Amino acid sequence: MNEKRQKLWILFKTMFILSSCTFGGGFVIVSLMKKKFVEELNWLEEDEMLDVTAITQSSPGPLVVNASVMVGFRVAGIPGSLAAVLGSILPPMIILSVISLFYEQFRTNKIVAIALQVMRAGVAAVILDVVINLAQNVCKTRRFLYIAMMIVAFICTCFLKVSAMIIIFVCLGIGLLDLIVSLRKNKGKGV
Amino acid sequence: MLLLQLFFAFLQVGLFSVGGGYAAIPLIQEQIVNVHGLMTLEEFSDLITVAEMTPGPIAINSATFVGMRVAGVGGAILCTLGCTLPSFCICLVLAYFYYKYRTMSGVQKVLAAMRPAVVALIASAGLSILMLGIFGTDMFSARIEDTRVVELLIFGISLFILRKYKASAVSVILGSGVVGTIIYCMLGAV
């Protein structure tokens, strides 16, 4: 019981901290969550985190909330989901509530602007760090298909501005085809 | 019944905003400015600026901000609840099925095909933040002479610390904020 309560607390605390310093959209917090839950806490496998990202990206609502629900559920069931979601929505709620009271001063404050600007450089470094690890693992599968898909998907999203949803659904289609092909091959061999 | 109206407005935002933060903006605008007239277009664009400057998803940020301005703390809580509730329920169901079936080899194979795409999506998000941080614009209009040396340095050092010492993400982000601000203050930008 005590151990479970502690897990809930860590879930809440982790999401609260990550959510407090996440600028720039859902994929940023997913990189941070991957770093924390996979590399530091060892609560999830790397593949799980990627699956969760793919699934949550294709369902409605903010990615952070969706990812928190799924990771929380994995770690501690429905109470886990609640703890993680609460942790991830409280910081923006508190910050925005305070700012809404005097947002004119906030928007025009020079130090705030500079701090936010330089923090982007740090955020970019964190994401690149996570991406290097992830890309290495995709290459380690030694499947040409996966490596090619990664490169094509990157070009599509980055240069051609194809939406993330479309990319994930196309890859889902490729995965299904891949499954059908391999099932046929096995049948042909009489397995 | 203003509170109820707000709640249902954001319930719809939460339910229909598929595809991340920026997909939610037109939906919120539709609900708040056009349908319910709770804010003017100018207030709304202020809201987007503030929501972008602060951490957290844009949907939650705007829910809190609109709720707070229209009906105080109660409004903020209700709006945020409204825009979180649909995805909470949907993702619980998805999580249940994912963890029930994910070890099946067929499901594994399909999921494996989606992972490289996710890596690419994260990489792309990272690249656009990097461009914004170092050139102050996206990569199509970035020019070499606009390079911000301070940010470039902070980026390089942060990456080195992360790779070499496995530093935690939060400490790197906050650290770069503090160090960068101090450098700019010393350069006399403030």
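## Exercises on a predicted two-chain model

The residue A:K7 lies in helix α1 (residues 2-20) of chain A, where helices (H or I, at least four residues) and strands (E, at least two) are DSSP runs numbered from the N terminus. The model is predicted, so that local features need pLDDT of at least 70 and side-chain atom pairs count only at pLDDT 80 or more, while totals for chains, interfaces and linings use all residues. Residues are numbered from 1 along each chain as its sequence is written, and chains are lettered from A and ligands numbered from 1 in the order in which they are written.

**Exercise 1.** Determine whether A:K7 is buried, partly exposed or exposed, and find its contacts.

Step one is the cut-off: a residue is buried if 20 or more other C-beta atoms, placed from the backbone, lie within 10 Å of its own, exposed if 12 or fewer, and partly exposed in between. Because A:K7 has 18 other C-beta atoms within 10 Å, it is partly exposed. Step two is the contact list, a contact being a pair of residues whose C-beta atoms, placed from the backbone, lie within 7 Å. Leaving aside neighbours within four places in sequence, A:K7 touches A:V75 and A:A76. By comparison of sequence with space, A:K7 and A:I180 stand 173 residues apart along the chain and 40 Å apart from C-alpha to C-alpha.

**Exercise 2.** Describe chain A as a whole, and then check the lengths of α3(A) and α6(A).

Chain A has eight helices and zero strands, and its C-alpha atoms fill a box of roughly 70 × 50 × 30 Å along the principal axes. Of the 191 residues in chain A, 52% are buried. For the length check, the expected span is 1.5 Å times one less than the number of residues in the helix. Helix α3 (residues 46-57) of chain A has twelve residues and should therefore span 16 Å, which agrees with the 17 Å between its end C-alpha atoms. Ten of the twelve residues of α3(A) are buried, among them A:M49, A:L50 and A:V52. Helix α6 (residues 110-140) of chain A, with 31 residues, reaches 46 Å from first to last C-alpha, close to the expected 45 Å; A:R142, which follows α6(A), has a positive phi near 55°.

**Exercise 3.** Describe the side of chain B that touches chain A.

The contact takes 84 residues from chain B and 93 residues from chain A. On the chain B side, α5(B) gives the most, with 25 residues. By class, that side has 54 nonpolar, 23 polar and seven charged residues.

Technical notes:
Contact = placed C-beta atoms within 7 Å. Nonpolar A, V, L, I, M, F, W, Y, C, P; charged D, E, K, R; others polar.
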